[in-house]
Amino acid sequence: MTFGGFSTTEHIRLLPEGAERFGAGSSAWRLGGAPAHFIPAQGGHRRVLVLGWCGATRSELRRSADAPLPTDISWRWAGAYAVVEETRDGVICHTDPASALPVYVAAWSNGWAWSTSARMLAGLTAASVDSQRLACLVLAPSVPALIGSRTCYAGVEQLAPGCRIELPANGGSLRCTTLWRPEPVPGPPHHRLRDALSAAVGLRVRAAAPDLSCDLSGELDSTSVAVLAAAALPAPYRLSAVTIHPEGNDDGADLRYAKLASAAHPDRIVHHLFPLAAEHLPYTGVTSVPATDEPAPSTLTLARLTAQLRWMHHHLGSRTHLTGDGGDSVLFQPPVHLADLIRRRRWPRAMREALGWARLRHCAIAPLLVGAAATARTSRRDALVDLARSPAAPVPSRGGRHHRVGWFHSLPTPSWARPAALRLLADATTEAVDTEDPLPGPDASVRTLVDEIREVARTAAADAQLAATCGIDLHNPFLDARVMDAVLRTPLDRRPHVHLYKPVLSRAMRHLLPPEIAARTTKGSFNSDHYAGLRANLAGLAALSGPTEQRGTRVPETPRFATSPSHVHAVDFGHVLVLIDYRGGLVQCLLPAAALQWRDTALTGRPAAMAPGLANHLLAAGLLAPTSSPQPWPAPITARPAPASWGSTEHPAGASRPPAVPCRSGLAAASALAFISAVKRAGDPRSAMLRITTTLRTAASTRRRAATLAEAHAAVLAVRYAGWHFPGRTACLEESAAVTLFLAARRLAVTWCHGVAPNPVRLHAWIRTVDGTPVAEPPSTLAHTPVLTIGDPHQHRP
């Protein structure tokens with residue numbers, strides 16, 4: 001969907017190949033069959049063009065064209081569209097507030113050229129690549145404020161979203177007026193969301209039926225779009241809903257929920273399954289991506305996306321496809337919402353939500369509240385000034401990103417970043433500080449969401465360009481301006497809690513969704529797919545990076561003999577070998593070449609089998625210890641690598657308060673948590689794991705009989721309830737250790753387990769009964785290989 005035109009005093013007859021002009025006297029053009037309305041105003045003094053998918057009727061547009069355009073013209077109706085006025089003095093653009101249909105501009109022929117494609121303008125003006133924009137894209141992708149109006153092409157800028165921008169025909173400076181502002185409005189937010197989303201989906205259904213398909217992932221976003229589309233589709237048509245799943249696995253997490261949705265609407269939905277195999281892995285074919293305005297979000301998953309779209313086009317006859325993309329951004333409540341609560345003196349709610357976020361992110365509550373209080377006193381510009389001092393600062397500690405509540409979050413500086421790239425990033429930050437904020441009024445959470453939604457919507461346009469190469473018109477109804485407007489106008493006291501998973505959408509769609517989906521608080525996981533894709537395409541990706549710079553360093557001499565201490569355990573997944581130091585708490589991953597050297601050295605106890613750099617690194621980390629004679633050590637535990645998931649596994653996306661337990665159990669559980677917290681803090685943080693395992697071994701020696709599954713389950717619930725209110729960190733380690741102590745106080749035996757899973761490498765601690773049954777654990781726990789267990793049955797007295 002590409003439009004464009006000129007605002008110049010010269011007579012321009014240029015047209016892209018295959019484009020058509022809108023009408024006599026108009027400099028605007030359209031490429032392809034994208035919907036548009038061309039309305040000459042009475043008297044012929046101006047022409048009004050509505051570009052893109054717009055839900056207005058012809059009569060509504062005619063009434064608007066015969067009078068000054070209303071200020072809300074670009075978000076008054078459903079759809080993703082922009083409005084352009086052609087006058088004698090130039091062109092006036094009313095831009096999409098959500099940026100789902102971005103408009104770009106470049107100086108041309110003593111005037112201006114505009115288009116919905118930045119790449120089209122770059123070709124017209126022979127623009128070069130904008131290095132500063134690329135530096136922000138690579139080094140600070142999580143800070144869209146640094147981009148400003150820049151595109152990937154020098155001299156091509158994006159017009160500010162939600163604005164009225166005059167492009168003078170004489171080439172004068174652009175004149176921009178901000179029209180859209182997310183001022184709070186009264187009323188239930190779920191009513192506004194339901195109305196806006198229904199209108200957005202209905203617009204596409206009316207225009208595209210019956211050649212329409214929709215994602216049906218089983219998650220709230222796409223399932224809501226699917227059931228709305230099915231309800232809007234006129235009889236006797238039925239919606240083609242598509243669910244991806246791993247080949248050979250027809251009962252994964254997302255697929256299970258998707259089947260519930262299709263079963264709830266059997267007369268309106270035809271459910272199609274699209275199996276994925278090795279040829280669809282991420283990073284496959286990334287060297288042959290079609291050109292787009294900017295790197296598309298689906299670039300890494302191009303093989304899966306294009307295979308699915310082509311299959312739908314050929315086998316289902318689909319021409320238009322709806323997705324739930326954008327729902328995560330529109331419906332997400334950022335943690336900076338805590339700062340808004342503190343700024344507005346909502347102290348009790350701030351405390352409750354900080355507890356919920358701490359439980360969801362497995363961190364302590366104090367750093368959250370401290371960060372929120374500091375942010376409440378900081379303006380957006382002050383935050384940019386702080387960012388300018390270190391625009392790519394390293395994350396302070398492992399997991400520290402969860403503790404931060406602020407306007408912006410920079411990523412760690414990569415070791416390969418050159419000084420020139422860091423200077424470009426610093427220049428971008430300085431420009432952002434000096435640029436006046438067009439939306440100075442909203443709360444921090446609303447202002448943050450505006451940046452996030454616009455970034456997602458603009459890049460989604462690049463995904464639509466990829467889909468167009470497969471003959472599919474891709475739509476994301478959640479990114480319509482009216483949907484964004486409906487959500488962001490919610491007053492502070494009606495906004496959802498930061499730790500809950502899309503409660504507004506769940507309530508809005510309760511009448512159409514099965515209860516299990518409306519209550520779902522998990523998301524399908526695709527992490528293992530990317531790791532598997534990296535391994536499968538490593539050679540091609542390495543070739544993209546080019547030669548690496550070699551720096552000579554002096555390597556210390558390694559000892560003749562060494563061994564791995566008994567407190568170091570190793571797990572071999574084939575593609576990675578994981579070393580866990582249960583004394584110092586260190587975790588080290590070795591890739592295949594280094595893992596082979598570890599295994600060879602384990603057979604002999606001679607570090608000569610290792611590269612000197614690797615051997616010295618492991619010695620310095622305490623994962624190897626020098627000895628006076630050869631001391632081979634046991635081979636690693638062999639574990640299976642995780643297969644590609646494609647949504648068949650899930651992870652928590654929200655947290656809810658656990659059910660209450662009896663007061664006595666709650667107090668005992670709180671005491672156990674407090675004791676574990678004290679043990680962790682009692683000495684050197686590097687030996688905290690050793691102190692915890694020593695405590696658990698001591699507790700194991702006091703137990704007399706095995707706990708039943710019901711007793712163990714009740715103990716887990718008690719600890720989780722107490723943990724919800726606990727001010728310290730309560731993740732799996734603290735929770736499982738506290739459960740063990742809770743039961744040991746009653747002389748009941750369970751087995752404490754600590755294990756590791758791959759893709760990504762992650763640790764987990766849990767409880768199981770002495771007969772091996774995990775207690776109150778999700779199915780994903782089965783992906784972990786137990787490495788250390790405490791409390792095996794044979795260790796206890798009958």
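**View 1. The aromatic cluster of Phe3, Phe22 and Phe38.** In this predicted model, Phe3, Phe22 and Phe38 come together as one aromatic cluster. The count of aromatic pairs comes to four. One of them joins Phe3 to Phe22 in a stacked arrangement, with 6.3 Å centre to centre and 25° between the planes. Because Phe3 lies in strand β1 whereas Phe22 belongs to the loop between β2 and β3, this pair ties together parts that are 19 residues apart in sequence. Phe3 has a relative accessible area of 0% and is therefore buried, and Phe22, with a relative accessible area of 15%, is also buried because the cut-off for that class is under 20%. Phe22 forms a stacked pair with Phe38 as well, at 6.2 Å centre to centre and with 20° between the planes. Here the link runs between distant parts of the chain, from Phe22 in the loop between β2 and β3 to Phe38 in strand β4 (residues 36-40), 16 residues apart. Phe38, like Phe22, is buried.

View 2. Strand β8 (residues 104-108) pairs with strand β9 (residues 111-115) in the antiparallel sense, over five bridges. Within this pairing, Ala106 has Ala113 of β9 as its bridge partner, while Trp108 is bridged to Gly111, likewise in β9. Two residues stand between the strands of the hairpin, and Ser109 takes a positive phi near 50° there. Strand β8 also pairs with strand β10 (residues 157-158), again in the antiparallel sense, over two bridges. In that pairing, the bridge partner of Tyr104 is Gln158 of β10.

**View 3. The largest nonpolar core and the surroundings of Leu488.** The largest nonpolar core holds 54 residues, and those with the most contacts inside it are Leu193, Val201, Leu239, Val483, Leu488 and Leu505. When its neighbours within four places in sequence are left aside, Leu488 is in contact with Trp180, Pro182, Val446, Leu449, Val450 and Ile453.

**View 4. Thr490 in the loop between α15 and α16.** Thr490 is found in the loop that connects α15 (481-488) with α16 (503-508). With a relative accessible area of 4%, Thr490 falls under the 20% limit and is therefore buried. The side chain of Thr490 makes a polar contact with the side chain of Arg192, at 3.1 Å. Apart from neighbours within four places in sequence, the residues in contact with Thr490 are Pro189, Arg192 and Arg495.

Methods
Residues numbered from 1 in each chain as written. Predicted model: local features only at pLDDT ≥ 70, side-chain atom pairs only at ≥ 80, totals over all residues. Heavy atoms only, no water. Core = buried A, V, L, I, M, F, W, Y, C linked by side-chain atoms within 4.5 Å. Buried < 20%, exposed > 50% of the residue type's maximum accessible area, 1.4 Å probe, protein only. Contact = heavy atoms within 4.5 Å. Helix = DSSP H or I, 4+ residues; strand = E, 2+ residues; numbered from the N terminus. Polar contact = N/O pair within 3.5 Å; in protein donor to acceptor, adjacent residues only side chain to side chain. Pairing = 2+ DSSP bridges. Phe/Tyr/Trp six-rings, centres within 6.5 Å; stacked < 30°, edge-to-face > 60°.
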